Each structure stands twice: as structure tokens, then as C-alpha cells.
Amino acid sequence: MKRAHPDEDDDVSLPGKLMTNAFRLQCEDAERERQPDANAVAKWEELARKVAATLKGVKLKHHCEYKDVDFWSKRGITHPLLEHAGAVEKTTSSVLTFEWKAPKEVTILSESAIDLLCSNCFTINILVTLPDSLFGKRDYINLIYPAKRAHYMSGSIVALRKAFCDFVVDFVPGFADDKLFPNLQITDSSGSGKILIHFGASESALAKPSRFSPNVSNLRASSIYGNITSKDEEATPYYNQRILRTILESVVIRRVSAELRHKETVTAALALVNRWFTCRGYYEFDPIFLACFMVKLLEENVVVKQQDLLTLLRNFFVAIVNWDISSPNGFHPNDLEDDVISAHLASFPVVFLDHSGYWNIASGISKESLVLVKADLSRSLLVLGDCLAFDTLFLERHHFFSSFDHYFRLELTSENLTTLFKAPDLLVDTVDEDDRLAKFMSKFMKRIHECFGERFDNVQVNRLRHEKQSNATYLIGFRTKREWSNPITVGPVATEPASKDFRSLWKEKTQLRKFADARICECMVWAEATSEGVPHSILQFILVNHFGLPASCISWRSIFPSGFSSPKSVNTKITSAFAGLSAILRSAKGLPLMITNIHGISPYLRDTEPCAAEVLCRIDQGQIENERRLLAQRAVPPYTGCVTVHIKLEYSGKWGDTIAGVRQLSAAFYIEIGKYLKAKHGLIAIPTVDQLFVVKDGVVFKLVLVLDKVLKLLEQRVAEVKASGATKIEMSAEGQRLTAWKKQFVNEALLQASLHSFATKHSTYGETVQIMKKWLSIHFMTDAIPPLALEMVVAAAFEHPVLPPPRTSLSAFRRVLQLIVRHNWTARPLFVDFDNAWNEEEIAKLESNFVKMRPVLAPMVIITNEDPVGSKWTRDGPTPLMLKRIIALATSTLKVLDMNYENEKRVDIESALSSVDMSIYDAIIEIYPKMVVRKDAKDELLQNIKALPVMNFDPVEELVYELNAHFQHVALFFWNRYGGDCIGLKWKPHELEVPAKISRCCSHFSKSPGASNLLLNKEEILEGIRILGRGIVKDIQCIT
């Protein structure tokens, strides 16, 4: 799980893994899945030929003025430019009348390089070249061309609907949801395929491509906005590119399709590349661009058709990661004018030109998206070729809500939009509201980078479709850096020329601050101390001061309630006390044996316990006897836990040859250590037979000796039993004692050390585990997943093959829930490789062993370096029923978290996660409030600690243990460890009525003499629960 991620500023050139049989089979399966059904292909190809023939031969009598965009409404067709009727009316053309003419050319592309993902929906592209007679000499100006193009498409719809009544023919938005330049789509109810028809004028009919250079104006602002008259000569690069796409798109599609024909391996690689981008929602990298990029790599011999699939993928990804966007890329001629190239670079962040040099195929790609893609591809390259990562790379959908650390929701009402669109700069090169919003977001993102670009690695904007059509809503995701919560934005030195620009950026609201190195810099101060809310304040500042919008437009949606985790200050006290105790023990002198190793084996040390304050001495009630507090009469003290510490001693051969003898010597050693700690350091130290309790700085520790002698004696005893001829040694008492000792003092110690190292590496890991534990307990599933197994699940969620580790508790919590829901626990184990020690062959061997042993393994299998079988930590849970329940609960919780992003108002996450449906239980066992001892553990140390508090006393936990011991055969018990005041009871369905047997009479009864079945005696069992829980159980409410 330890992976070194490359620096995004460095060129990536990785040797990579070799093509293995497993990865090859996965690629072949994906390629077979991509291939459409032969019958569907034949059906849609035949239909495509008929469509082409219809368009060529149809005779339509419809004619109208091209300005009459309402003409087609009577025929059930909405002209795409109907809402721009006023702008069309202002235009003029030498060809005023639209009348149907046969298309200049109709080309069918049954196989193209731009539709490689259509396994269930076969797509045929038809390229229609509009007749030259449709256009006048200057129809490229303003909205004349899109209006006439849409008229021709409307006529085509009339003809095709009449000819193909069983099919649906309608407009679909073009690239990037372009409604001004749509395409036509033909579908049917079967969903087996579709036909996509592209319409475009020829270069000779409309204008040469040079007319659409980025520095040329072809859309007069005054024709769209009557009040804007001074911007008509400003360049319209994006509108020019939209026109060029319709003209040159068909040429490019045919060229790249011809270039990739008969290159099956290259095409298969391109299909997987498309999958990678589509799974992550990077739709700006459209299939045309990806196909062109692959062809460019072929031309430069970066990829060749003789390479295997893995090499092709790696070379493609590396080329994207290393792409230098400071100069244009593509197929443009060498003699392209410098001012055209400069215009492209000035107008677009990413430039990839077609053969003419004027259409920028990458014009829709933003700089933020390219940087994000480079980051994700860099991480993907590390696992490319790993069969375990194939699904994550190419098949699984990556939700936007799970890809970032912080999310901000930008809500623009109709009033906000009216204010915003008064700025003339947002109106140039735009036609509709979507264009204006795109331009605003581009400027907004530029300001974000200028104002706090040093605080994050990546940012992405996702538009949410609002139920209020008049509003525009965006969700902005950030992948943060360590500087995210810095309370100060530090600018240049006050005497430098750049300080003037800095003050201008911050609207003269900066302050001068002097730093330790004697620099005096311009600064913006946001808070007195580090705060996660600082970027929210900066975003509000940008909206208010740079765009005139209210601060309430943007809301922070990544706030997680604090009640699910313990304060960081508590963990600081615990770790500080542990460090002090370790130093004392290491330097201890005068003991019979020297202490050589000290290991903290406790979730409190790695901050994975929700109630960490429970290991602090917080209460002084009860009498003191021999430095121990006793239970006060009629009072139950708050729960006090302890931090377990394993200690090892130097070698000695005088421990004896029996377990009992070693135990007695260990107890004597606890006494000696306790005396030393009392005498030399004044610590409270209470020895017992099997441990030593120590109070250091108000924190309770439990010291346990781990002696290799015990292991040798246990192994010796097992060997003696085996030598005596006994079979099934692992089931014998000796074998079970040896297994239990190894698990507790060897395997668990190693695992906890790995988890502690992992927690140190990832700052939000501990808090995420706390949230998961609290979340499960709140829903009455305490220990449904054993604590160590739960920590490993969280660790696996942090080490995603493509995404960086989460930096916030909310994003980490969501990622863990997604792992629980998405992972196929029945068919696959969860691998947690802390040491990054497994190669492909070892993983294949582990999986093969898993398949062989699956019938006898636990429902949740987690394979680690210490447990290659995968059930050591999950053998006792979760059961199949509990795992199913956890997955269902995780699914519903994910929906709540999604609502927090999608809804107009923030969701009360604490209330939503804390709400529990008690109606699912058959009975509710109510607990006296005073018996709930793990509620509201406060970070309050006693000033003068005189005795060891009552340890590990939780009446509710003890009751649950007793209930399971007596009634587990007939009922299941559910409870909340962290403050729950009731226990849920669920009768086992198969125990409600059982065959009449004498062995069943202790918990069942006969309804009538001679009955063949016995009924569960619920009343008697509930009465037994009341007796067991006397003093703890307040009442039992039967729901069913």
C-alpha cells in the first residue's frame, strides 16, 4: 500500500509492469463486452443505408424565410434557435429563403474511432454535407449559419419521421451540450443501437477555415444584446470553434477512422482509454480528441501497432502526463502563420489543432481539467497492468462526490444572474445563458487560482441541474494541500513592484506583517489561527469584491459534525503521557531484567477511539483502598479504559519450565516495576497477576509482559501432544491456547504496529475510524465488524489506486462507505498490503487459495501481510446477515451525503446519521440512564490524582455479554456502546417454531398436548432477561 506518487511537475517515464496473462484476459473480456451484437449491427446498418437514401432522394415542399424559426412548430418540431428569434431577425443574408435541396454528400461510418464504448448501444455515424445553395456569401456572420443549418435539420426530421414511423427522430445537443449546434439522433424502443447524424457545411460553401481564426469576430455582440454596441469587433474564438466543429468534424472523423482501421490492438487500447476518461466523468476529453491524440502518437512513433495493449496504454497515458501545453500540438501544417498560433495560445488553455490549423479540437478542455487528468493518470500508471486494479481503472464509475476533499456549492439565483450579466465582458462571444455562465466560471476559476492556488492541488467544477430552471448551481471540488487552512495569505515583500498588484487583487484590504526572517510582506489575514473555513471566506471575498455577488451565494458543504470523534487535544495528552512513560521505563535501573522493547498496542494511541477521554482519570468518587478506588454505593462511575502497552525484557534462562511458574514470576516482575515507578517517579502503579496498571499524567496505562518463554512452552506442549499420536492438534486445548497467544501477542501486535504507522502517515485516518465506529454503534451494530478489521477496511479505502488519500473526515467517510457497498465480498477478498510486498504471482496465488477455501471462510475476507488466509480478524464477524445490513445502511447513508451536496440547503448530517429506526426490532430493552457510563466523556483531568479509578466497568456491555451467553441461540442483541440507553432484540426466525424435541423444551413450549411443533416461549425469555439485568434493565417494550 506504500506507493510513491510522482511529482506532477516532473516528466513521467515509468518502465511499468509486463503484460501478464491475467491482465490480458481482463482486456480481452472488456473488448468482447465492447463488441455489439451482430444482429444489432446488421439491423442498424440496414437502417443507416435507408436513412441515407431517404435524405438523398426525399422531395420536400416546405420552404420559408430563414428568419422564420417558428415555421416548424406547426409540424411538431421545435427549432433549436427559437429562443433566439430576435437575434436571428437582426441578421441578413443574400439567400433569404430556405427550401429543401438534396444534401451535397451523405457518408455512413459504421465503424469509427469515436464510438468505442457502445457495447449495449451500437452507434452508426452519418455525416451530411449541406447543399451549397443554402448559404449566401457572408452567412458565417452572427446566427445565420446555425439558423439555416437547423432549418435543414428540421426538414430532415420531417422526412425521417414520415419514412421511419417506428423510430424516434429528434435533436440531441452537440459537443459539451451545445444546443446551438445540435445533431440528429435516431433510436427505437429496443435500445440496441442508434444513428447519430452530423450536419455541416462544406468549406467552399461557407468560408475558408482562416475566416474562423481565434482572433476574428464572427458574432457581433449587438446582434444578441441590443444594449451592447461597443464590443462588435472583439474576437469570438469559442463561437468560431463551434462553427468549425460542424464543418471539419466529419473530415477529422473520417481521417482518424481510416488511420486506425485494421489496427485492432490500437483500437482496443483507445477503447480502454475512452473507458478511463468516461468512468471519471472527464467529458471534456471527448472521443474525437482522444482518437486524434492516438493518431498523433502513431505519426510520431510514440505508439506503434506492433506494441502490446499494455504498452500502448502506458505510452498514451505517459504522453498525456508529459504534454507541454505551452506550444500547440496536433496536425497543423508547419507553415501555419505565427499570429494564428499565438491567437490559439492566447484564447485557449489547451491547443490541439486539426489539419487546417484553425480548429482546436481541444478547445473544450480547461487547464484545471488537464491538470486533474494528469494527476489521476500519474497515479493510474503506478498500477497499470495490475489485475486487481483493472476494474477501478476501466470499469467502475468514479463519483464526483468521492473525488475531492472539500466541496463548495455556488447557487446563483435569477437576481444574481441579472446582476452578473450586466458586465459587458461576460457577454462577448456568448449566445445564451449557458455561454455566459461558462464565461463567468472561467473568470471565477482564474480568480480562485490567483487568490489561493497555493492551498490546493486540483479543482474541478460540476454543474448541478437545478429544479428551479431560473437558477444556476455549481459544485466546486478541491483536493487540498497542507496550506489549506493557513489563516494568512502571504504576498510579496512590501517594497517589490508586485505588491501593487497584490493590493489591487485584494482591493486594498491587505495588511503589513513582519516575519521571523525580517521580511515585511503584504498579507491578507483571515483568522487568528488555522481554520478549515478560511478558503470559504476567500471564496466569499472573491464573489463580493470581484463579481458583485452576495457572500451567501456560496456555501461550504464539507463540514462534518464534531460529535463523532474525540478532540485532537485528548490524543495529544495520551501520546505525550505514553512518550513520558516510555522514557521512564527505558531508563529504569535496578530491575531484575532490563526492559528492551516498549510497544503501544492500543487504538487510543493512534487516535481511533471515539471516546478517547475515557482513559483519563476524570472522577474522584468512591473510597480509596490500597491506591484503588472502590465502587461508591448507589453510584456507577463513568467508564475508564486503559492504554495497553506491551513490554519485552532482556533474555534470561531462569523463567522455569511451566506456564504457571512463568506467570508467577511475571507477577513478581510487575510488583518490582510498580515499586520502582512509585519510588523513583511518584506514579500510581497497581500490579495484578497478569498486568500492571500505571497512571502517568492522568492517563491510565496497562503494562503487559510479552515473554518468548511462554511461546516456547506452548509450542513444546503442542509438540508433545502431537508426538503422542493425537490428531487435529489445532482443535485441542493446547493448540487453541497456542493459536490464541500468537494472535494476541504476535499477529495483533504486528498488525497494530502497521496500523499505527499508517495512522501517522494519514492525518485523517484516525478520525475516520472513529466516525465509522460511532456510526456503526449508533445504528446498534457495535462490533458488527471487529475493530481491527474495521481499521483495515478504512486503510484500504485510503489507498485508492487512482485517487489521492482523502484529507477530510467527510470525504474519507464517504470513500469507506463506497468501498463497503461496491466491493464484492462474496467473490473477492479485500487486499491490504501495508508493506507493498506482493507481486502479481503472489496475489494470484492468494486469490486462488481464496477461491478454494471460500466455502469455509468468513463472509468478509481481508488478506493482510500477517494473515494470508484473510479470516483471522473476521472469523467472529460480521455474519452474512450483519454484512448485508451494513451494506444496506451504507447505501442509505451515501444517499444522505449526496443530498448534502445536491440539495439547496445543507443536510443536518449529525441528525441524519444519528436517526435510528427502532421499529425493526421485536423488543426494546430499556436501560437505566445511570448505567450508561460511556456517554459524554469530557476532557477534564483531576488536579490531584490519588488512586487508580475503577477500570473497564461497563454494566451495559456486561449485560450484553450475559444475554448472548444465555439467549444467543434464540435471539440477536443489538446495542450502542457509545451512550446507547437501550438494547434491540430480534428473535431468530427459525427459532419461532421448531419440531417437538425434549432438548427444545427449555426455551419453547407446546401450544397443545401432542403438538408436533413447539413455539418459542418469548415471555419466559423476556423474564429471564429481566432477572439477568436486575438493576440495569429499566423496562422491556415489545414491538411485535
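Histidine 398 is buried, with a relative accessible area of 11%; buried here means under 20%, exposed over 50% and partly exposed in between, with a 1.4 Å probe and protein chains only. This is a predicted model, so local features need pLDDT of at least 70 and side-chain atom pairs count only at pLDDT 80 or more, while totals for chains, interfaces and linings use all residues. Residues are numbered from 1 along each chain as its sequence is written, and side-chain values use heavy atoms, with hydrogens and water left out.

Back to histidine 398: its place is the loop between α12 (390-394) and β10 (406-412). Helices (H or I, at least four residues) and strands (E, at least two) are DSSP runs, numbered from the N terminus. The histidine 398 side chain makes a polar contact with that of arginine 280 at 3.4 Å, and also reaches the backbone oxygen of threonine 392 at 2.8 Å. A polar contact is a pair of N or O atoms within 3.5 Å; within protein, one must be able to donate a hydrogen and the other to accept it, and residues adjacent in sequence count only if both atoms are side-chain atoms. Setting aside neighbours within four places in sequence, histidine 398 touches Cys279, Arg280, Thr392 and His800, where contact means heavy atoms within 4.5 Å.

Cysteine 1002 also sits in a loop, this one between β29 (993-995) and β30 (1004-1005). With 57% relative accessibility, cysteine 1002 counts as exposed. Its C-alpha lies 8.8 Å from that of asparagine 1017, 15 residues away in sequence.

Then there is a helix pair. The axes of α21 (residues 765-778) and α22 (residues 787-798) come within 10 Å and cross at roughly 125 degrees. Axes are lines fitted to C-alpha atoms, for helices over the stretch in contact, with angles from 0 to 180 degrees between N-to-C directions. The two helices are therefore oblique to each other: under 35 degrees would be roughly parallel, over 145 roughly antiparallel and 65 to 115 roughly perpendicular, with the rest oblique. On the α21 side, Tyr765, Thr768, Val769, Met772, Lys773 and Leu776 meet Pro787, Leu790, Glu791, Val794, Ala795 and Phe798 of α22. These contact residues split into 9 nonpolar, 1 polar and 2 charged (nonpolar: Ala, Val, Leu, Ile, Met, Phe, Trp, Tyr, Cys and Pro; charged: Asp, Glu, Lys and Arg; polar: the others, Gly among them).

As for the whole chain, there are 28 helices and 32 strands, and 55% of the 1040 residues count as buried. The C-alpha trace spans about 105 × 85 × 60 Å along its principal axes.
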